[in-house]
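Have the structure open while you read.

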Amino acid sequence: MRTAILDAGAADRRAVVASLAAQLGFPADAAPNLDALWDVLRTDTPGPFAVVWRDHARARAALGEDFDRISALLADLAAERDDFSFTLA
């Protein structure tokens with residue numbers, strides 16, 4: 001299973017999306033926004049795969065509402081896809 005690891009080092013939402021894109025091999029034309037992230041993860045990323053967000057308390061403090069939005073998106077994806085898991089570590 002492919003696993004993308006996020007940590008507290010991301011400076012903003014775009015950096016989080018870029019990290020996921022690099023680790024999960026998003027198409028080159030994928031836009032760096034949350035709508036595109038949802039679309040790519042939902043339909044264009046073959047499973048099984050996982051996202052683990054390490055040191056999420058520090059990431060939440062650094063990213064604020066963007067952390068909440070991205071986490072909610074990943075949790076919704078985990079509820080929709082049987083071949084995807086999301087973990088806050």
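A quick definition to begin with: a residue is called exposed when its relative accessible area is over 50%, buried when that area is under 20%, and partly exposed in between. Keep in mind, too, that this is a predicted model.

Take D35 as a test of that definition. D35 sits in helix α2, which covers residues 34-44. Its relative accessibility comes out at 62%, so D35 counts as exposed.

Is V40 buried or exposed? With a relative accessible area of 6%, V40 is buried.

**Salt bridges**

Now for the opposite charges. Side chains of opposite charge can pair when their charged atoms come close. How many salt bridges does the structure hold? There are seven, and the table gives three of them, including two that use R69.

| Salt bridge | N to O distance |
|---|---|
| E65 and R69 | 2.9 Å |
| R69 and D66 | 3.2 Å |
| R81 and D83 | 2.8 Å |

Let's start with helix α4. E65 and R69 are four residues apart in that helix, so about one helical turn separates them. R69 and D66 are both in helix α4 as well, three residues apart, which again is about one turn of the helix. As for accessibility, E65 counts as exposed because its value is 53%, while R69, at 44%, counts as partly exposed.

The bridge between R81 and D83 has its closest N and O atoms 2.8 Å apart. R81 has a relative accessibility of 11%, so R81 counts as buried. D83 has a relative accessible area of 28% and is therefore partly exposed.

**Aromatic pairs**

Over to the rings. Searching the whole structure turns up two aromatic pairs. In one of them, F49 and F84 lie 4.7 Å apart, centre to centre, with 45 degrees between the planes, and the pair is tilted. Where do these two residues sit? F49 belongs to strand β2 (residues 49-53) and F84 to strand β3 (residues 84-88). The two are 35 residues apart, and the pair links distant parts of the chain. Both F49 and F84 are buried.

The other pair is W53 with F67. Why is this pair called tilted? The ring centres of W53 and F67 are 4.5 Å apart and the planes meet at 55 degrees, so the pair counts as tilted. That angle falls between the cut-offs, since planes under 30 degrees apart would be stacked and those over 60 edge-to-face. Because W53 is in strand β2 and F67 in helix α4 (residues 65-80), the pair ties together parts that are 14 residues apart in sequence. W53 has a relative accessible area of 0% and is buried. F67 is likewise at 0% relative accessibility, so F67 counts as buried.

**Loops and backbone**

A couple of backbone details deserve a look. Which residues are joined by a cis peptide bond? They are G47 and P48, with omega at about 0 degrees. P48 is placed in the loop between α2 and β2.

Then there's D55, found in the loop between β2 and α3. Phi of D55 is near 50 degrees, a positive value in a residue other than glycine. With a relative accessible area of 34%, D55 is partly exposed.

Finally, R60 has its place in helix α3, residues 56-63. Its relative accessibility is 38%, so R60 counts as partly exposed. R60 and R42 are 18 residues apart along the chain, and 24 Å separates their C-alpha atoms.

Notes: Residues numbered from 1 in each chain as written. Predicted model: local features only at pLDDT ≥ 70, side-chain atom pairs only at ≥ 80, totals over all residues. Heavy atoms only, no water. Phe/Tyr/Trp six-rings, centres within 6.5 Å; stacked < 30°, edge-to-face > 60°. Buried < 20%, exposed > 50% of the residue type's maximum accessible area, 1.4 Å probe, protein only. Salt bridge = Lys/Arg side-chain N within 4 Å of Asp/Glu carboxyl O.
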